[in-house]
Amino acid sequence: MTSFASKMFSRVDRVCRHLPVALNTFLVFSITGEVSYLVLVEAPLEADQKKTEWSSWWKMIHLLGQYFLLGNICWNALLFLRTSPSIKGVFLGGEGIGQGWRYCYTCETHTPPRCSHCYDCKVCVLRRDHHCVFFGQCVGFRNYRYFLCCLLFMWSGLLYATLMNAEVFIVILKEGVTVHSILLLLIPWIMLVSGQVSARAFAFAFIADTCVVGFLLVSAFFFFHLFLLFRGQTTREWYSSRRPYNLGLQGNLRHTLGIRWYLCWLCPLITSPLPGDGINFQVTGSLEPSRR
């Protein structure tokens, strides 16, 4: 009985770990499909412009732009998931144990500065920033570039999708701010189940709401991590108000995004080797936590 319960718990745990990734994938492709429909079918709004040459070029440019964003989101996310940030396969001997090294009793090994154990990933992670629940993996030294670039293109894509969905909000509110229109925007699920709106109206309202909420959430994450990047900090170091590894703006960008930091954000296929090894870091400040 205990063995059966253990197996069931293990299976449920694996499903729960992959659920956020599946949900994010569904939302990304749903938003892309809805915006593509808006571009191809609904826009431009004026009837005399729908079959003009200008309209065809306008649609082509929009489609190329949005699928460029989609491709970068998917490719950066894939590389993020396939790039292990852990200490597995990394020789930690180096020049010996020095200041900032700790002993991990779970992994039974000494770990370098900025490395910490993740109880979700069940391993120590080099230059660990945090465990990302949306991807089910830690953000660390080797995959931080892909995480940040994925946030950048998600932010850009959601901004674009929100602007494209502005017409949806205008259509919903064209008859004035009524109880029906407010409920459709705030709780479209209940309006659909109760039969107050059609499936088509629900789909547009739900995706428009998702774009706005997603844009606000991704904006908070993206600009917070830009703030940390410019200061040369991880999330854990920000909590303790420490900045012992700040190398200046250009040094921080180079150390985090690689030697081609000025190009690598354009496409994940652009190689940008990291100058460090994730074990040894140049100390420029106090390692002790400061008081806020």
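**Pocket and helices**

Trainee: Which helix gives the most to the lining of the largest pocket?
Mentor: H1, with 10 residues. This is a predicted model, where local features need pLDDT of at least 70 and side-chain atom pairs pLDDT 80 or more, while totals for chains, interfaces and linings use all residues. Numbering runs from 1 along each chain, and side-chain values use heavy atoms, without hydrogens or water.

Trainee: What else supplies at least two lining residues?
Mentor: Besides H1 (2-42), there are H2 (53-82), strand S5 (130-132), H3 (144-164) and H7 (199-231). Helices are DSSP runs of H or I, at least four residues, and strands are E, at least two.

Trainee: How many are charged?
Mentor: None; the lining has 30 nonpolar and 11 polar residues.

Trainee: Switching topic, which residues of H3 meet H7?
Mentor: Among them are Met 154, Trp 155 and Leu 158 of H3, and the H7 side includes Phe 215 and Val 218. That contact (heavy atoms within 4.5 Å) has 18 nonpolar, four polar and no charged residues.

Trainee: What does UniProt list as "transmembrane region"?
Mentor: Its unreviewed entry gives several spans, including 21-40 and 202-230. Residues 21-40 are 100% helix, with end C-alpha atoms 28 Å apart. Residues 202-230 are also 100% helix, and their end C-alpha atoms are 41 Å apart.

Definitions and conventions. Ala, Val, Leu, Ile, Met, Phe, Trp, Tyr, Cys and Pro count as nonpolar, Asp, Glu, Lys and Arg as charged, and the others, Gly among them, as polar. UniProt positions are given in the numbering used here, feature names are shortened, and annotations may be inferred rather than shown by experiment.
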